[in-house]
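Good morning, and thank you for joining. I would like to take a few minutes to go through the pockets and the ligand site of one structure.

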Amino acid sequence: MKLYVAPGPNSYRVRIFMAEKGIELPLVELDYGKREHKSPEFLKLNSLGQVPVLVLDDGTIVTESVAICRVLEDLHPSPSLFGSDHRSKGLIDMWNRRMENEVFATIGNVTLHTNEFFKERLIQVPAFAEAQRKMIPTKWAWLDREISDGRPFLAGDHFSIADISGMVTLWLSEVFSFEVPSNLAHVQRWNERLRRRPSWNA
Ligand SMILES: N[C@@H](CCC(=O)N[C@@H](CS)C(=O)NCC(=O)O)C(=O)O
């Protein structure tokens, strides 16, 4: 197997997932500066020109960071990061999607719709970016209310892929200076808990 990566939250999501499970894979690190992610060879692996991409030993290509994590979960079931029964699987998938759709996407849209790097990827609408920027504190406040029951992790007592999506959201938030409001005590405690994990630096 071989994993194509580059700096950014979706490659980081897979790398944190691997660190949590102690998985090591040969990595191919692409250089955005040289536009290696848009080269004809790479577009044969992922027509969208995006990372991460996992190439299995039989040549099967899996793109999409969460799909890659699912492959790795199947090959390395312990510790389980996608849940082990109907209840935990449901809650983890629910929280992973909520984190992605509600928080990550809101922050990501600001970048997608303003940053030069993404101008070929979509039609940028700066007014939409501005509207999404204004929504960010609202999204963190929503999360704060949701986890105010004192649970340590998004889907309950156990760390999961949902928290890994949270880690890359927190990273994105910091890199683009959309800090989590300091008065949100529950999100702040969860944030600190995640940053203490050795995988944070993966
Ligand atoms: N939904 C995809 C998103 C992949 C993605 O957007 N990757 C970014 C890096 S984090 C990328 O390759 N950007 C280059 C581009 O969009 O041209 C996933 O989860 O893997």
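I shall begin with the pockets and then turn to the ligand. Please bear in mind that this is a predicted model.

The largest pocket holds about 1,000 Å³ of space. Its lining comprises 38 residues, and those nearest its centre are Asn10, Gln50, Leu112, Phe118 and Arg121. In terms of class, the lining has 16 nonpolar, 13 polar and nine charged residues.

Why does the largest pocket lie between domain 1 and domain 2? Both domain 1 (2-75) and domain 2 (86-201) give residues to the lining, so the pocket is placed between them.

The second largest pocket has a volume of about 230 Å³. It is lined by 14 residues, with Ser88, Ile92, Ala155, Asp157 and His158 nearest its centre. Here the lining has four nonpolar, seven polar and three charged residues.

I now turn to the ligand. There are 15 residues around the ligand, and Lys38, Val51, Glu64, Ser65 and Arg121 come nearest. Polar side-chain atoms of two of them lie by ligand oxygen atoms: the distance is 2.7 Å for Lys38 and 2.6 Å for Arg121. For Glu64, a polar side-chain atom lies 2.6 Å from a nitrogen atom of the ligand. On its own the ligand has 520 Å² of accessible area, and the protein covers 87% of it.

Thank you; I welcome your comments.

Key
Residues numbered from 1 in each chain as written. Predicted model: local features only at pLDDT ≥ 70, side-chain atom pairs only at ≥ 80, totals over all residues. Heavy atoms only, no water. 1 Å grid on protein atoms, 1.4 Å probe; cavity = no way out; pocket = protein on both sides within 12 Å on 5 of 7 lines; lining within 4 Å. Points joined across faces, edges and corners; volume = space filled by probe spheres on them. Nonpolar A, V, L, I, M, F, W, Y, C, P; charged D, E, K, R; others polar. Domains from an automatic or database assignment. Near = heavy atom within 4 Å. Polar contact = N/O pair within 3.5 Å; in protein donor to acceptor, adjacent residues only side chain to side chain. Areas by Shrake-Rupley, 256 points an atom, 1.4 Å probe, with all protein chains shown as cover.
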